[in-house]
Amino acid sequence: MTTEYIYHCEGPDCEMQQQSMASAPIAGWLQVIEGLPSLPDVYRDFCSWECSMRFAAQLDPPIVIQMEETSGA
């Protein structure tokens, strides 16, 4: 018996999907693993770098680092 997998691109406004007999990662697609030490890993599938970047652009940055202002001498 074979197993068929259907991968859906998680990019915003992207309707791309791919059927495959192979488990992830499949050729031509990106599998991104989002991991934090205190949480389980989250696996995301994207059909292109463009969709990956559009998805990432919607997220808030995890850490905001303020630049120190130096006084001019």
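Which element gives the largest share of the lining of the largest pocket? The largest share, four residues, comes from H1. This is a predicted model, in which local features need pLDDT of at least 70 and side-chain atom pairs count only at pLDDT 80 or more, while totals for chains, interfaces and linings use all residues. Residues are numbered from 1 along each chain as its sequence is written, and side-chain values use heavy atoms, with hydrogens and water left out.

**View 1. The largest pocket and its lining.** The largest pocket holds about 150 Å³ of space. Its lining consists of Val-32, Glu-34, Arg-44, Phe-46, Ser-52, Met-53, Phe-55, Ala-56 and Leu-59. Two or more of these residues come from each of E3, E4 and helix H1 (49–57). Helices (H or I, at least four residues) and strands (E, at least two) are DSSP runs, numbered from the N terminus. By class, the lining has six nonpolar residues, one polar and two charged. Here Ala, Val, Leu, Ile, Met, Phe, Trp, Tyr, Cys and Pro count as nonpolar, Asp, Glu, Lys and Arg as charged, and the others, Gly among them, as polar. A pocket is an open set of points on a 1 Å grid over the protein atoms alone, where a 1.4 Å probe fits, with protein on both sides within 12 Å along at least five of seven lines; lining residues have an atom within 4 Å of a point. Grid points are joined across faces, edges and corners, and the volume is the space filled by probe spheres set on the points.

**View 2. The hairpin of E3 and E4.** Strand E3 (residues 30–36) and strand E4 (residues 39–46) run antiparallel and are joined by six bridges. Two residues lie between the strands of this hairpin. Strands pair if DSSP finds at least two bridges between them. Glu-34 has Val-42 of E4 as its bridge partner. Arg-44 also belongs to E4. Beyond its neighbours within four places in sequence, Arg-44 is in contact (heavy atoms within 4.5 Å) with Glu-10, Leu-30, Gln-31, Val-32, Glu-34 and Phe-55.

**View 3. The largest nonpolar core and Tyr-7.** Ten residues make up this core: Tyr-7, Cys-9, Cys-14, Ile-26, Trp-29, Leu-30, Phe-46, Cys-47, Cys-51 and Phe-55. A nonpolar core is a set of buried Ala, Val, Leu, Ile, Met, Phe, Trp, Tyr and Cys residues joined through side-chain atoms within 4.5 Å. Apart from neighbours within four places in sequence, Tyr-7 is in contact with Met-16, Gln-17, Gln-18, Ser-20, Ala-22, Ser-23, Ala-24, Ile-26, Trp-29 and Asp-45.

**View 4. Ser-20 in strand E2.** Strand E2 covers residues 17–20 and includes Ser-20. Ser-20 counts as buried because its relative accessibility is 16%; buried means under 20% relative accessible area, exposed over 50%, partly exposed in between (1.4 Å probe, protein chains only). Setting aside neighbours within four places in sequence, Ser-20 is in contact with Thr-3, Glu-4, Tyr-5, Tyr-7 and Ile-26.

**View 5. Gly-11 and Asp-13 in the loop between E1 and E2.** Gly-11 is found in the loop between strand E1 (5–8) and E2, and counts as buried because its relative accessibility is 8%. Leaving out neighbours within four places in sequence, Gly-11 is in contact with Phe-46 and Cys-51. Its C-alpha atom is separated by 8.2 Å from that of Glu-50, 39 residues apart along the chain. For Arg-44 and Gly-11, 33 residues apart, the C-alpha separation is 9.5 Å. Asp-13 is exposed, with a relative accessible area of 80%. Asp-13 has a positive phi of about 60 degrees, although it is not a glycine. Most residues other than glycine have a negative phi.
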